[in-house]
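Subject: Structure handover

Hello,

Here is the structure I said I would pass on. Please open it alongside these notes.

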Amino acid sequence: MREVPWRVPLSVTLQNGMNRQFCGVYDALDFLENEWPMHGKHQAQAVRACRAALRHPRYAEWARNSFIAACIEASFACSDMPEEPGRRDRTYVSLQPIGAGSVKRVAAAGTSSRKVCALALGHFARRNF
């Protein structure tokens, strides 16, 4: 599955005080399905919205809004991530198999190397080659 990025990523503070960043639909769906602390009406709606957005990227903002509603339902603090000063474009990274267990990192311009590495590691951990 490929990532469907949100125009404005979310910063979510969990109940234990840990801060998580979600840049797109796949990140949110993985969290909703595997780490979510409680199952409720908004969580189920967010899962459906994220799955729909992975099939049809035009639903990405609906998935984002559903994820925000689920965060509120679970008592998580949720806010838009601030833009980096002087940067308007965001970069999203994906790893593509190029054969024999090797991968190629694909990234557009405009993101710090720290963010590229973090996103690449997240994608690599979720993909089976």
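The notes below go from the overall fold to single residues.

This is a predicted model, in which local features need pLDDT of at least 70 and side-chain atom pairs count only at pLDDT 80 or more, while totals for chains, interfaces and linings use all residues. Residues are numbered from 1 along each chain as its sequence is written, and side-chain values use heavy atoms, with hydrogens and water left out.

Overall fold

The chain has four helices and five strands. Helices (H or I, at least four residues) and strands (E, at least two) are DSSP runs, numbered from the N terminus. In sequence order the pattern is β-β-α-α-α-β-β-β-α. Of the 129 residues, 37% are buried; buried means under 20% relative accessible area, exposed means over 50%, and partly exposed is in between (1.4 Å probe, protein chains only). The accessible surface of the chain is about 7700 Å², and carbon and sulfur atoms account for 52% of that. Areas come from the Shrake-Rupley method with a 1.4 Å probe, and for residues only the protein chains shown count as cover. A contact means heavy atoms within 4.5 Å. Taking contacts between residues at least 6 apart in sequence, 53% join residues at least 24 apart.

α1 is mostly covered, with seven of its ten residues buried. Those residues are V25, Y26, D27, A28, L29, F31 and L32. Leaving aside residues up to four places away in sequence, L32 touches Q43, A46, V47, C50, F67 and A70.

α2 has 15 residues, which at 1.5 Å a residue should span 21 Å; the end C-alpha atoms are 22 Å apart, which agrees. The expected span here is 1.5 Å times one less than the number of residues in the helix. Q43, A46, V47, A49, C50, A52, A53 and L54 are the buried residues of α2, and they pack against α1 and α3.

S66 sits in helix α3 and counts as buried because its relative accessibility is 8%. With residues up to four places away in sequence not counted, S66 touches H42, Q45, A46 and A49.

Core and aromatic rings

The largest nonpolar core has 26 residues, and those with the most contacts inside it are W6, V25, L32, W36, F67 and F76. Such a core is a set of buried Ala, Val, Leu, Ile, Met, Phe, Trp, Tyr and Cys residues joined through side-chain atoms within 4.5 Å. At least two residues of this core come from each of β1, α1, α2 and α3. In soluble globular proteins, nonpolar side chains tend to be buried together.

The structure holds eight aromatic pairs. Rings of Phe, Tyr and Trp (its six-membered ring) pair if their centres lie within 6.5 Å; planes under 30 degrees apart count as stacked, over 60 as edge-to-face and the rest as tilted. One of the pairs is W6 with F67, which is tilted, at 6.0 Å centre to centre and 35 degrees between the planes. W6 is in strand β1 (residues 5–13) and F67 in helix α3 (residues 60–73), so this pair ties together parts that are 61 residues apart in sequence. Both W6 and F67 are buried.

F67 also pairs with W36: the ring centres are 6.1 Å apart and the planes at 55 degrees, so the pair is tilted. Because W36 lies in the loop between α1 and α2, and F67 in helix α3, the pair ties together parts that are 31 residues apart in sequence. W36 and F67 are both buried. Ring pairs link W6, F22, F31, W36, F67 and F76 into a cluster.

Cysteines

The structure has zero disulfides, a disulfide being a pair of cysteine sulfur atoms within 2.5 Å. The sulfur of C78 has its closest cysteine sulfur in C71, at 4.5 Å, too far for a bond. C78 is partly exposed, at a relative accessible area of 27%, whereas C50 is buried, at 0%.

Two loop residues

P37 is in the loop between α1 (25–34) and α2 (41–55) and is partly exposed, with a relative accessible area of 47%.

S75 lies in the loop between α3 and β3 (77–80). Its phi is near 65 degrees, a positive value in a residue other than glycine. Most residues other than glycine have a negative phi. S75 counts as exposed because its relative accessibility is 56%.

Regards
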